[in-house]
Amino acid sequence: MSQFGPDYVRAIAPYQAGKPIAEVAREFGLDEAKIVKLASNENPFGVPESSRAAMAQAAADLGRYPDANGFELKAALSNRYDVPADWITLGNGSNDILEIAAHAFVQKGESVVYSQYSFAVYALATQGVGGRAIVVPAKDYGHDLDAMAAAIQSDTRLVYVANPNNPTGTFFPAAQIEAFLQKLPSNVVVVLDEAYNEYLAPEHQFESSQWVRKYPNLIVSRTFSKAYGLAGLRVGFAIAQPAVTDLMNRIRQPFNVNSLAQAAAIAALNDKAFLEKGAQNNAEGYKQLTAAFDELGLEYVPSFGNFVLVKVGDDDQAGARVNLALLKQGVIVRPVGNYGLHQWLRISIGLPEENAAFIAALKRALTSASVRG
């Protein structure tokens, strides 16, 4: 039987999302209300009330198409980041931005550079356009920026850098990122993926959007899915100079950010109290989880996001075994075997009671005969 599509598309392994609560409830015969989901780096506070109110008002006009150019949302982002509105590209989540960049700048056979243990979508976006991946070995579970700069070849068109990085949580301060940018050829586009930027402590924060004025090849990518609590609405955006933004908007699907999402994002962007509450909960939850890992003698990677990568065993089945034991107890976390991290699990930081439920379940899982190697 003949096969459809090019080889590079058939070679793609589809993205694996975190298990939904309803699926776990069905699979293990559990009560949905008692399941704790710490798998997808979602905001445990959910949608801010300001966004709910904005969506209720926007719902009156859902018979009309969304504003294809997102004028009001771009205006709000322009004001927040002090860049012209035409420097902004809207995405159906920042995932959309990552893929738009690949389609806009990479032709079949050309190379894309990204790090080992970096976000799975970089590989998917590269494969989706028939690009050639140059995967640079990680350093201390994060990017080796010097090696990434050295890995760039004459046909390299795009580089992905995650800061903080998912799934490992590693982070580079401003000086190291800018030094990296200065090393790159001007014809290589860099996507600086900052999906977890809002979770950084004040002393680590810097406004990379202003670097776009200096580096015409830089795209700064952000999302409303994490700290802003709008994961289900899918809103992301990119900041870049007009020559880059123009090409991305030629690729971008029309109406890719719906009316409710645009209204919710504008409201969330201005909800400082909600962001502060989330940041405080995240800092306290990080201490809660890492204190438990220290007590249990478990290795973990210091994280700057809203999750922690923890090693749960020494053999390559450890992550899968412990994950299954947790699922049976109604706790959903993220196995990361698809990244080659078979001994590890990624734990999203939840509310204090959710973190406590996970810790109790983890202790039971680690002492259970069913998860011993």
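Is Tyr-117 buried or exposed, and what is its relative accessible area? Tyr-117 is buried, at a relative accessible area of 17% (buried means under 20%, exposed over 50%, and partly exposed in between, with a 1.4 Å probe and protein chains only). This is a predicted model, where local features need pLDDT of at least 70, side-chain atom pairs count only at pLDDT 80 or more, and totals for chains, interfaces and linings use all residues. Residues are numbered from 1 along each chain as its sequence is written, and side-chain values use heavy atoms, with hydrogens and water left out.

**Aromatic pairs**

- The count comes to 15 aromatic pairs, where rings of Phe, Tyr and Trp (its six-membered ring) pair if their centres lie within 6.5 Å, and planes under 30 degrees apart are stacked, over 60 edge-to-face and the rest tilted.
- Tyr-117 and Tyr-141 make a stacked pair, because their ring centres are 5.9 Å apart and their planes sit at 25 degrees.
- Tyr-117 is in the loop between β3 (111–115) and α6 (120–128), while Tyr-141 is in the loop between β4 (132–136) and α7 (145–151), so this pair ties together parts 24 residues apart in sequence; helices (H or I, at least four residues) and strands (E, at least two) are DSSP runs numbered from the N terminus.
- Tyr-141, at 27% relative accessibility, counts as partly exposed.
- Phe-293 and Phe-358 pair up edge-to-face, with 6.3 Å centre to centre and 80 degrees between the planes.
- Phe-293 belongs to helix α11 (residues 272–296) and Phe-358 to helix α13 (residues 352–367), so the pair links parts 65 residues apart in sequence.
- Phe-293 and Phe-358 are both buried.
- One aromatic cluster is made of Tyr-81, Phe-224, Tyr-228 and Phe-237.

**Charges over rings**

- Lys-277 puts its charged end over the ring of Phe-45, 4.3 Å from the centre (the rule asks for NZ of Lys or CZ of Arg within 6 Å of the ring centre and within 35 degrees of the ring normal).
- Over the face of Phe-307 you'll find Arg-346, at 5.8 Å from the ring centre.

**The sheet and its helix**

- Four strands make an open, antiparallel sheet in the order β9-β10-β13-β12 (two strands pair if DSSP finds at least two bridges between them).
- β9 (300–301) and β12 (334–335) are the edge strands, each with a single partner, so one side of each has no neighbour in the sheet.
- β9 pairs with strand β10 (residues 307–311) in the antiparallel sense over two bridges.
- Opposite Tyr-300 stands Val-310 in β10.
- Helix α11 packs on the sheet, touching β9, β10 and β13 (344–348) (contact means heavy atoms within 4.5 Å).
- The direction of α11 makes about 5 degrees with that of β10, with axes fitted to C-alpha atoms, for helices over the stretch in contact, and angles running from 0 to 180 degrees between N-to-C directions.
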